[in-house]
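Dear colleague,

Please find the structure below, handed over for your study. My findings follow it, and I would ask you to read them with the model open.

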Amino acid sequence: MYVTASGATVNEMGYAMSRLNIDADLRDGGKTIHEVSHSQRSNKPLKYVDNEISQLTRLQSGPHELLSQVTPGRRELPVSTVKMLAGRECNYSGRGRFSSADCCHVLSRYLPVNGPWLVDQMNSRAYVSQFSADGSLFIAGFQGSHIRIYNVDQGWKVQKNILAKSLQWTVTDTSLSPDQRHLVYASMSPIVHIVNAGSPETESLANITEIHEGLDFSSDDDGEYSFGIFSVKFSTDGREVVAGSSDDSIYVYDLEANKLSLRILAHTSDVNTVCFADESGHLIYSGSDDTFCKVWDRRCFVARDKPAGVLMGHLEGITFIDSRGDGRYLISNGKDQSIKLWDIRGMSSNATCNPGFKSYEWDYRWMDYPPQAKEVKHPCDQSVATYRGHSVLGTLIRCYFSPAYSTGQKYIYTGSHNSCVYIYDLVSGAQVATLKHHKSPVRDCSWHPYYPMLVSSSWDGDVVKWEFPGGGEAPAYSSRKGDRRRHIY
């Protein structure tokens with residue numbers, strides 16, 4: 001079901017509305033959100049985020065006030081799709097069309113919770129699963145050395161099957177260049193390999209059918225396997241790659257100069273995750289097992305290895321960071337079984353507060369989180385909000401903001417050790433959906449940037465897709481820019 005801005009027919013509206021059973025009673029005023037799954041519902045009252053991001057989220061995903069007005073001065077949210085369409089036809093907003101926020105308000109209600117449909121099944125653990133920026137490609141990385149690039153437009157055909165070179169333990173991360181011509185992949189080695197993702201060869205065997213060039217992140221005095229790389233990301237201009245490593249460092253590799261351009265001894269433990277804060281490439285976020293998120297401004301290093309700021313609040317190590325893309329907000333997944341939302345304007349100049357002595361010992365790789373630890377609070381928590389319900393055990397579970405184009409980034413979603421995918425409302429903190437299919441931990445998942453489709457991958461080897469439309473064949477999506485806007489709007 002697609003929403004048009006200028007009056008095109010909305011197919012299967014009655015069917016789609018009859019199938020909708022998600023957060024239909026969500027209200028801005030603080031009423032209960034009906035979840036898809038009630039198995040993890042908390043009896044605690046919802047605590048709405050009292051921060052500028054609440055207003056930003058509403059501006060990005062809220063309808064025009066005249067479309068939501070019940071009586072003068074009184075608004076009701078969410079507005080039904082039928083009422084939105086009627087209001088557009090009557091030109092209540094005065095624009096004669098839906099704004100991007102109007103479209104987000106409609107599309108964000110149709111969560112990708114139906115299915116799943118099997119995309120692929122491998123006999124090894126899936127560690128990475130990500131859509132390309134335009135949604136035309138999907139990348140999945142497996143412990144058994146395989147990295148697969150699927151062409152979403154062509155029925156999820158395997159466009160390229162990459163056999164990773166010199167793999168140590170597993171494929172820890174992959175990143176596709178902005179022009180989608182190259183892919184880098186990392187493992188527990190200081191060598192990151194780069195592959196031509198746009199070549200016509202389907203089978204990419206390292207240095208047999210194609211060259212997998214190695215980018216050496218080590219220094220002259222390091223051994224061949226002196227450290228491993230947990231996280232790797234292209235810059236938005238495609239000229240650099242940033243990486244986080246097991247030697248407590250952040251690395252930046254200059255692809256044009258073909259050399260390492262920067263090493264920061266960033267943390268006191270493994271750097272599990274790094275990313276650029278926005279398109280400028282000036283700010284880098286990092287998260288570590290030392291429990292800190294740090295912000296690095298490459299324009300003004302006051303001192304060697306000194307961050308622009310530190311964000312405190314997690315009680316255990318950080319497994320993943322995702323930027324909202326505005327250079328201001330980010331989320332982090334932590335081994336303290338929580339996601340935290342941060343505003344970097346609230347960061348400290350250094351780590352000034354210690355959470356104190358822990359009365360328990362545990363290892364997240366094979367132990368449950370201690371019950372007594374669940375009630376412990378950080379004395380200097382600087383986070384804007386905390387989201388709980390999923391489990392972060394066994395592996396570096398990833399979390400993300402939902403897409404800006406279709407949802408206005410009003411949701412946060414994450415994999416989980418208990419084999420599920422969780423979707424939270426960013427402002428209310430409510431768990432609005434739980435996707436259940438897998439039999440093993442879901443390390444990674446990815447929401448299509450334009451359509452109500454989410455793909456999850458698991459240690460059970462399954463890669464599956466979840467969509468809003470149900471009861472038949474999945475729709476044939478096109479990712480060409482012109483077609484995309486025609487379908488969505």
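Arg239 has a relative accessibility of 48% and therefore counts as partly exposed. Please keep in mind that this is a predicted model. Arg239 forms a salt bridge with Glu256, and the closest N and O atoms of the two are 3.6 Å apart. Arg239 lies in the loop between β13 (229-234) and β14 (240-245), while Glu256 lies in the loop between β15 (249-254) and β16 (259-265), so the pair ties together parts that are 17 residues apart in sequence. Glu256 counts as exposed, because its relative accessibility is 64% and the cut-off for exposed residues is over 50%.

The side chain of Arg263 meets that of Asp247 at 3.3 Å, N to O. Asp247, with a relative accessible area of 19%, is buried, because buried means under 20%.

In total, the structure holds 16 salt bridges. Another of these joins Arg345 and Glu52, whose closest N and O atoms are 2.5 Å apart. Which parts of the chain does this pair tie together? Arg345 belongs to the loop between β23 (338-343) and β24 (385-388), and Glu52 belongs to helix α2, so parts 293 residues apart in sequence are tied together. Arg345 is partly exposed, with a relative accessible area of 48%. Glu52 is likewise partly exposed, at 37% relative accessibility. Through salt bridges with shared partners, Glu52, Arg328, Asp343 and Arg345 are joined into one network.

Two packed helices are described by the angle between their axes and the distance between the axes. The axis of α2 (residues 52-61) comes within 6 Å of the axis of helix α5 (residues 100-107), and the two cross at roughly 90°. The helices α2 and α5 are therefore roughly perpendicular to each other, because angles of 65 to 115 degrees count as such. On the α2 side, the contact is made by Leu59, Gln60 and Ser61; on the α5 side, by Ser100, Ala101, Cys104 and His105. By class, this contact between α2 and α5 has 3 nonpolar residues, 4 polar residues and no charged residues.

Yours sincerely

Conventions
Residues are numbered from 1 along each chain as its sequence is written. This is a predicted model: local features need pLDDT of at least 70, side-chain atom pairs count only at pLDDT 80 or more; totals for chains, interfaces and linings use all residues. Side-chain values use heavy atoms; hydrogens and water are left out. Axes are lines fitted to C-alpha atoms, for helices over the stretch in contact, and angles run from 0 to 180 degrees between N-to-C directions. Helices (H or I, at least four residues) and strands (E, at least two) are DSSP runs, numbered from the N terminus. Angles under 35 degrees count as roughly parallel, over 145 as roughly antiparallel, 65 to 115 as roughly perpendicular and the rest as oblique. Contact means heavy atoms within 4.5 Å. Ala, Val, Leu, Ile, Met, Phe, Trp, Tyr, Cys and Pro count as nonpolar, Asp, Glu, Lys and Arg as charged, and the others, Gly among them, as polar. A salt bridge is a side-chain nitrogen of Lys or Arg within 4 Å of a carboxyl oxygen of Asp or Glu. Buried means under 20% relative accessible area, exposed over 50%, partly exposed in between (1.4 Å probe, protein chains only).
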